[in-house]
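Here's a quick tour of some strand pairings, plus a closer look at one residue. Have the viewer open while you read.

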Amino acid sequence: GEAAIASRRVRLTSANCAGGVCDSTLTDGAGAFELWVPFVASGSVGVEATNTSGWLSTGAAPGTTAGTYDRPNDRLAFTASAGVVYGGVQFGDVPPNLWVAASALGVPGGTAAYHRHTFTAGSAGSVSVSAVTTPLPPAPGWGLTLWRDLDCDGTLDLGEPALPGSVPLAAGQSLCVIAKHQAPLGAAAGSQELATLTATFSYSSAAPALAASDALDDVTTITFANGLVITKSVDLANATPGSFLVYTITYTNPGTVPLNNIVIRDATPPWTTFSSASCAASGSGITGCSLTLAPAAGATGSVQWTLVGSLLPGGSGAVSFRVRVE
């Protein structure tokens, strides 16, 4: 069902012909051709086709020649006998596939970049997409998943599936892909990960089997680091022995994603002993705060608060503890 290819050069070759070429012609509008085998070429001959740049040879039908096909040279070799008409010789050539386009996006840490790509098949077959990622500098927490963009709008919509291992395509049909690249929370601004996406296409009806691969690169850069910001203050600049100091720890989420599993830790400063501690104010999205570790009154050691819930972007809260100066 694919179109015939006109004006493509076909040659009859033999070591017995001058310059190795016995006859040469261009295919007509139906892709057909006719070559003459001179008497001197009786014996081992070949029919060779040529391709437009970028096109691939998928195979050849030997027709009545009973010949063998050599794909690297796009050549059908057979033994010709004088006075015999051979027919039914056909060559299969396909245009290149298109895998576009390389992408570079910047996102805050803890969020995802969505790279959109389109694969267009030059012929019938099936395509599979694989990915190799390289973080720069090496850092944990990056993640890449591939999704099928069913409506090809470049947006990962609810209900759109993960990309299957292989997708069959007809000639000229396109597959839209979204590469969701998750950036880690807490990585430094300027951190990157390179993802090389390779589309491998297996051609239908190619004999012998034929596959071709095209690759492109996605680069995701962390524009600024998402994470918890902690500041600490004290109520007095100077204190005498026997007086009390109150330390307040303020926590803020300046990023774009909620933060959870928050634990805040501190310790009694030198020359002080613990008196008391409290959850001074809960940030937006925090549903609970408890003192989960503290020394006894008059002792020294670590102080710890555990927060329940998720601190929303822009949210801020505080915890505090009181010590006695020795």
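How many bridges pair E5 with strand E6, and in which sense? The two pair over three bridges, in the antiparallel sense. Keep in mind that this is a predicted model.

E5 and E6 (residues 75-80) belong to an open sheet of five strands, ordered E2-E1-E3-E6-E5 with antiparallel pairing. The edges go to strand E2 (21-26) and strand E5 (68-70); each has a single partner strand, so one side of each has no neighbour in the sheet. From one strand to the next, the twist averages 20 degrees.

To find the E5/E6 pairing on screen, pick Tyr 69, which stands opposite Leu 76 in E6.

## Pairings around E10

Strand E10 covers residues 112-120 and runs antiparallel to strand E8 (residues 98-100), with three bridges joining them. Leu 98 has Thr 120 in E10 as its bridge partner.

E10 also pairs with strand E14 (residues 174-182), again in the antiparallel sense, this time over nine bridges. Here Ala 113 sits opposite His 181 in E14.

## A look at Ser 103

Ser 103 is found in strand E9 (residues 103-107). Is this residue buried or exposed? Its relative accessibility is 18%, and the cut-off for buried is under 20%, so Ser 103 counts as buried.

What does the side chain of Ser 103 touch through a polar contact? That would be the side chain of His 115, at 2.7 Å. Setting aside neighbours within four places in sequence, Ser 103 is in contact with His 115, His 117, Asp 217, Asp 218 and Val 219.

Definitions and conventions:
Residues are numbered from 1 along each chain as its sequence is written. This is a predicted model: local features need pLDDT of at least 70, side-chain atom pairs count only at pLDDT 80 or more; totals for chains, interfaces and linings use all residues. Side-chain values use heavy atoms; hydrogens and water are left out. Two strands pair if DSSP finds at least two bridges between them. Helices (H or I, at least four residues) and strands (E, at least two) are DSSP runs, numbered from the N terminus. Axes are lines fitted to C-alpha atoms, for helices over the stretch in contact, and angles run from 0 to 180 degrees between N-to-C directions. Buried means under 20% relative accessible area, exposed over 50%, partly exposed in between (1.4 Å probe, protein chains only). A polar contact is a pair of N or O atoms within 3.5 Å; within protein, one must be able to donate a hydrogen and the other to accept it, and residues adjacent in sequence count only if both atoms are side-chain atoms. Contact means heavy atoms within 4.5 Å.
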